[in-house]
Amino acid sequence: VNTRKHPLEIPRPSKKDWPKEDEEDFFLQDPDRQRGVLPQPFRMINKLVMQVFESAMEIIERREMLRQAQKPKVQPTKCLPTAEFQVTGRANCLAVSGKYIFVGLSVGLAAFNTRDFKDVCAWDAVETEICAIHALDLGKECHVLLALDEMGLVWLFCFHRESFLLVKVLNEVEDISKRSTCVEVVLSPGGDYAGVLLQGNTKAWLEIYQLPKDSWLMEMEKKPGAAAGLACSERSSSCTSSSAQCSSQRGTFLLQESPVSANQTDVKLDLPVLLLTVKPPEPITGSRFKSPLDALKEVNDDSMLGLGYNHLIKDFQWDLQEAIFRSTYQEYLEAEGVIKEEIPRHATFHFLLPSQILQVGPKMKVQPDVPASLGVHWDGNHNFCLYLLNHPLKKQVDSDLKPDIVWPCAAPIACSAVSSCSRYLALAGEDATITIWDKHLEYPLSVTAILEKRFIRSIHFL
């Protein structure tokens, strides 16, 4: 029998009972450190330093791996400037056409040659500030330019043999109070047409001009010497009284000491012809027809969709529908407010090449590389309207011009784009849907709806 002689006691702790750390076994891993073990607290400091070092090495290795993974990818090319253009005043815009670069300045226009990077000619007859330029090469050393100044005037130029020839100010009027401001200018591919979006005090409209480029080229070929003598001159009737003062030299742009006035030369260029005047659609109101037969008489072709004006809904029916709507959603209307329907003041338009969707008459000649129609949609409107450009002039300048084809959309059109071949048309609605139309096949190729409903501001073909 085992009996305890002494009472049970808890022994006091001693150094022998302290936990052994791994540093006593360092000689098994590294014999050279058998006698080099640091005492506390230096071992703790050393351990912290090693942790920081290992963390830094992990970061360095991670970044190195990312750098190695980026090497096989295509790196963007860095383009450095090869030349510098010295301009007078401030450069606001530029356009490239052929071998020339046209720069809109705060004091006029300037042209530079892309081969030797030297200034060729300048136009500063009226000292107007140019805000936007559109240029196109017509061939035979002739270029057409549309310049928009700070006052909203559109200047039409013909640049030939390093000379600016002012053809016309498209929206110039004698009475300044009736002057309209240009908002947007578009040149058609090939330079056959020009579109100008104008805004007045209370209304907006779109004017389409046909440019007589063939007659311009023939006139330039007949009298090349007279055209060459027109370096930096102006031809506006409203500025003839001050032409002597405005045509003085300025900086390095004027290449001749005494430029010849355009009125003193034999070069007479034909003026552009106004083809279409497109006005925004009016808000749909009550029907003016007394019977369905009267409404059918207004429809020229029963196979075409219209703008929705030829209906049989009376004014009191609109008012009744409006009252029902307001009574049903009164709390929401009071919280968000009601926006009154107004006539749109901005439009997006495109010049479209011939296609099967626009059938022209047998007497109308259609060229494959010349635009045959105009596509227009106004802000806040559901319809995309197409107008033929080869109608007789009497029909085109009609004050109540109706579209030849109307494409209604489920939501108001926010923006649109046309491919470079003019075959595909993209329409983006305010409900964040994008529809791609094939004009040759006459049906939509795809309809894409963005899950997160975002407002699409612009769309482009690449």
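Predicted model: local features only at pLDDT ≥ 70, side-chain atom pairs only at ≥ 80, totals over all residues.
A residue is called buried here if its relative accessible area is under 20%, and exposed if that area is over 50%.

Helix H3 spans residues 213-222, and its buried residues are Lys213, Trp216, Leu217, Glu219 and Met220. Viewed down the axis of H3, these buried residues fall within an arc of 165°, so they line one face of the helix. The face of H3 turned away from that buried side carries Asp214 and Lys222, which are exposed.

Lys213 belongs to helix H3, while Asp192 sits in the loop between strand S9 (181-187) and strand S10 (193-199), so the pair ties together parts that are 21 residues apart in sequence. Are the two partners buried or exposed? Both Lys213 and Asp192 are buried.

In the whole structure, a search finds five salt bridges. Another of them joins Arg90 to Glu129, with the closest N and O atoms 2.3 Å apart. This pair links distant parts of the chain: Arg90 is in the loop between H2 and strand S1 (91-97), and Glu129 is in the loop between strand S4 (119-123) and S5, 39 residues apart. Arg90 is partly exposed, with a relative accessible area of 45%, whereas Glu129, at 16%, counts as buried. A further salt bridge connects Glu64 with Arg67, at 3.4 Å between the closest N and O atoms. Both residues lie in helix H2 (residues 42-70); being three residues apart, they are separated by about one helical turn.

I turn now to the strands. Five bridges join strand S7 (residues 154-160) to S8, and Phe159 stands opposite Phe164 in S8.

Phe159 leads us to the aromatic residues. The structure holds twelve aromatic pairs. In one of them, the ring centres of Phe102 and Phe159 are 5.0 Å apart and the planes lie at 80°, so the pair is edge-to-face. Phe102 is in strand S2 (residues 100-105) and Phe159 in strand S7, 57 residues apart, and the pair therefore links distant parts of the chain. Phe102 counts as buried at 0% relative accessibility, and Phe159 also counts as buried, at 0%. Both rings belong to one aromatic cluster, formed by Tyr100, Phe102, Trp123, Trp155, Phe157, Phe159 and Phe164.

Finally, consider strand S13 (residues 347-352). How many of its six residues are buried? Six of the six are, and the strand is mostly covered. In a regular strand, side chains alternate between the two faces of the sheet. Both faces of S13 are covered: Ala347, Phe349 and Phe351 are buried on one side, and Thr348, His350 and Leu352 on the other. Six bridges join S13 to strand S14 (residues 373-378), and the two run antiparallel. Within this pairing, Thr348 stands opposite His377 in S14.

Thank you for your attention.

Notes: Residues numbered from 1 in each chain as written. Heavy atoms only, no water. Buried < 20%, exposed > 50% of the residue type's maximum accessible area, 1.4 Å probe, protein only. Helix = DSSP H or I, 4+ residues; strand = E, 2+ residues; numbered from the N terminus. Pairing = 2+ DSSP bridges. Arc of directions from axis to C-beta. Phe/Tyr/Trp six-rings, centres within 6.5 Å; stacked < 30°, edge-to-face > 60°. Salt bridge = Lys/Arg side-chain N within 4 Å of Asp/Glu carboxyl O.
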